Structures are given as C-alpha cells and as structure tokens.
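Thanks for coming, everyone. Please keep the picture in view while I talk.

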Amino acid sequence: MLELRNVQAGYGSINVLWDISLAFPKGELTAVVGPNGAGKTTLFRAMMGLIPHRGEILLDGVPLRAKTWDLIEAGLVMVPEGRMVFKDMSVEENLALGAYPRRCRADRARNLERIFALFPRLKERRAQFAGSLSGGEAQMLAMGRGLMSEPRILLIDEPSLGLAPVIVKEVFATIRQLKAEGVTIVLIEQNTHIALSVADQVHLMRSGKLLLSQPAAGIDLDHLHDLYLARDAGSAAS
Ligand code: ATP
C-alpha cells in the first residue's frame, strides 16, 4: 500500500500541498479530483520524487526517499498529463523506453504483445512516428509505455484531457480492464462523472488541501460539486 502522511510540497518558496494524508490501497482505483490548480499534478510530482516534499510517503510501510529512477524500479510508474510521448520516435521505440527498468527488461517482448493486445491500434501503428498520432492514440501510447514498466502502482494524470467523448470512453474501458487485472491505480481526473464511474475511493482537492475523502459508492455528486466549485449549499440551490 502507498501512503502519504502530512505531505507538503511546492515550487521554491511557494507551497502548494498542505498537509496531505492519503492512502492508496492495493488493487483499488483511487481517484483524485479537483479544479485547475488544485495541486493534483504537484501531488504526483511529489510522489514520484520529481519535487522535494516534507512529511512522509511510504510504500508498504517503508518511507520513500529514493530518486525517481529507484521509485520506478520499485514499481511506481506515472503516465503524465498531456501524454509526453517522444514525438520523433516510433510507437514501438516509445514503448521500448517503458521497458527500461531492470526488473522488466527480460519480459519486454511479452509485455509488448500484451500492450498490443490491449491497444490494437498501437500495433497497427507500431512503426509510425508518435508525433503523428491522434490525441487518443497518444494517450494509449503513454499508458502503454507505463504498462511496459510492469507497474505495481500506476499513476495516471488526466487521461481524458483534450479527448473526444468517444475516445474518453475507450481509454476508460482500458483503465477498467487494468483495474480488473488487479493493478493498483491512482487517477487524477477533472471529469467527476467518469472518475466516480471507475473509482473505489475518491479524494477531492482544492487549493492544495483535501476537502473530501470517501468511497465512490457513497458520494453525493451535488455535494462533491459544491465543494469542487467552492459554492455554498445555499447558493447552489438558488
Ligand atoms: P490542472 O488540473 O490544471 O492540471 P492541478 O490540480 O494538477 O491543475 P498543479 O499543476 O499541481 O494543479 O498546480 C498547482 C499550483 O502549482 C498552481 O498554482 C500552479 O500554478 C503551481 N505550479 C505548478 N507547476 C509549477 C512550477 N513548475 N513552478 C511554479 N508553480 C507551479
């Protein structure tokens, strides 16, 4: 299990995350929702060791103080917001980069076939430059690259960003499948409806703080949206 205890992080003298305590149970899908600038991506950056943090981040009870590279070796893998594929490299070369951690190099060919089974369109386009993919295909490539690293915990940052609704459905069908396979997933998502449809647990962040943490099944969507939009219940009703 991945756990955050009183985590604070930010950029230089600007603090963004304020005392975040969260647990991401094994095999579950946890969604972190919140408006623009809430600090969701900053949370992932802190978890991946890309920015320094105060407080504790623990994996199976052991504090993570390692470099990003060591975290990936430990199985913590991020699919970044905006895909960040290498545009001048082919689909297959991008996927091969995901197989760089030592623990999964030997299984590279098997994992590649698994990704191609999960995303047949990537197989059709395996020799194509990643820069020429559609937004949805690039999102699939970014997820495929993450899966090539055989993640124990997969962090996915706003997979629906900029995609047509029909493609969002496709991407989330894959996320559901990964969940069914037992991958522990932490999902950042602005689309609360779709986040709630896949999540076991939901956390709402605003202004770098956690405002709500609940099982998805028990969430009152109106209340969630009131908190999300910083409306008080009275003004929401009028
Ligand atoms: P979005 O949904 O728009 O991606 P978010 O919840 O992921 O938003 P963050 O990207 O974590 O929010 O940003 C939180 C705050 O940190 C914002 O005020 C943002 O301007 C600031 N911030 C983000 N990256 C940096 C940076 N590299 N340097 C300084 N401030 C930053």
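Start with the hairpin made by strand 9 and strand 10. Two residues sit between the strands. One to find is S207, in the turn, with a positive phi of about 50°. Strand 9 covers residues 201–206, and strand 10 covers residues 209–215. They run antiparallel, joined by six bridges. Pick out L204 and look across to strand 10: its bridge partner there is L212.

Before we go on, remember that this is a predicted model. How high is the average pLDDT of the chain? The average is 90, and 97% of the residues score at least 70. Strand 3, residues 29–33, has the highest mean pLDDT, at 96. Helix 11, residues 233–237, has the lowest, at 48. Where pLDDT is low, the predicted coordinates should not be read in detail.

Strand 1 and strand 2 pair over seven bridges, in the antiparallel sense. They also form a hairpin, again with two residues between the strands. In that turn, G12 has a positive phi of about 60°. A9 shows both pairings. It stands opposite L17 in strand 2, and A9 also stands opposite H53 in strand 4. Next comes strand 4, residues 53–59, which is joined to strand 5 by two bridges and runs antiparallel to it. There, L58 stands opposite P63 in strand 5.

Stay with strand 1 for a moment. N6 lies in this strand, which spans residues 2–11. N6 is not a glycine, yet its phi is positive, about 50°. Is N6 buried, partly exposed or exposed? Its relative accessible area is 43%, so N6 counts as partly exposed.

Compare that with E158. Here too the phi is positive, about 45°, and again the residue is not a glycine. E158 sits in the loop between strand 7, residues 153–157, and helix 8. The relative accessible area of E158 is 5%, so this residue is buried.

Helix 8 itself runs over residues 165–180 and includes Q177. Q177 has 39% relative accessibility, so it counts as partly exposed. Now find L118. Q177 and L118 are 59 residues apart along the chain, and their C-alpha atoms are separated by 9.0 Å.

On to helix 10, residues 221–228. Which of its residues are buried? They are L224, H225, D226 and Y228. An α-helix has 3.6 residues a turn, so residues three or four places apart point the same way. Look at the N-terminal end of helix 10 as well. D220 caps it, with a side-chain oxygen 3.0 Å from the backbone nitrogen of D222. Just after the helix, A230 takes a positive phi of about 55°.

Last stop: the ligand. How many residues are around it? There are 14, and N36, G37, K40, T41 and T42 come nearest. Helix 1, residues 40–47, gives the most to this shell, with four residues. By type, the shell divides into four nonpolar, six polar and four charged residues.

For N36, the distance is 2.8 Å. For Q190, the distance is 3.0 Å. For E81, the distance is 3.3 Å. How much of the ligand does the protein cover? On its own, the ligand has 640 Å² of accessible area, and the protein covers 62% of that.

To recap, take two things away.

Methods: Residues are numbered from 1 along each chain as its sequence is written. This is a predicted model: local features need pLDDT of at least 70, side-chain atom pairs count only at pLDDT 80 or more; totals for chains, interfaces and linings use all residues. Side-chain values use heavy atoms; hydrogens and water are left out. A residue is near a molecule or strand if one of its heavy atoms lies within 4 Å of it. A polar contact is a pair of N or O atoms within 3.5 Å; within protein, one must be able to donate a hydrogen and the other to accept it, and residues adjacent in sequence count only if both atoms are side-chain atoms. Accessible areas come from the Shrake-Rupley method with a 1.4 Å probe; for residues, only the protein chains shown count as cover. Ala, Val, Leu, Ile, Met, Phe, Trp, Tyr, Cys and Pro count as nonpolar, Asp, Glu, Lys and Arg as charged, and the others, Gly among them, as polar. pLDDT is the predictor's confidence in each residue, from 0 to 100. Two strands pair if DSSP finds at least two bridges between them. Buried means under 20% relative accessible area, exposed over 50%, partly exposed in between (1.4 Å probe, protein chains only).
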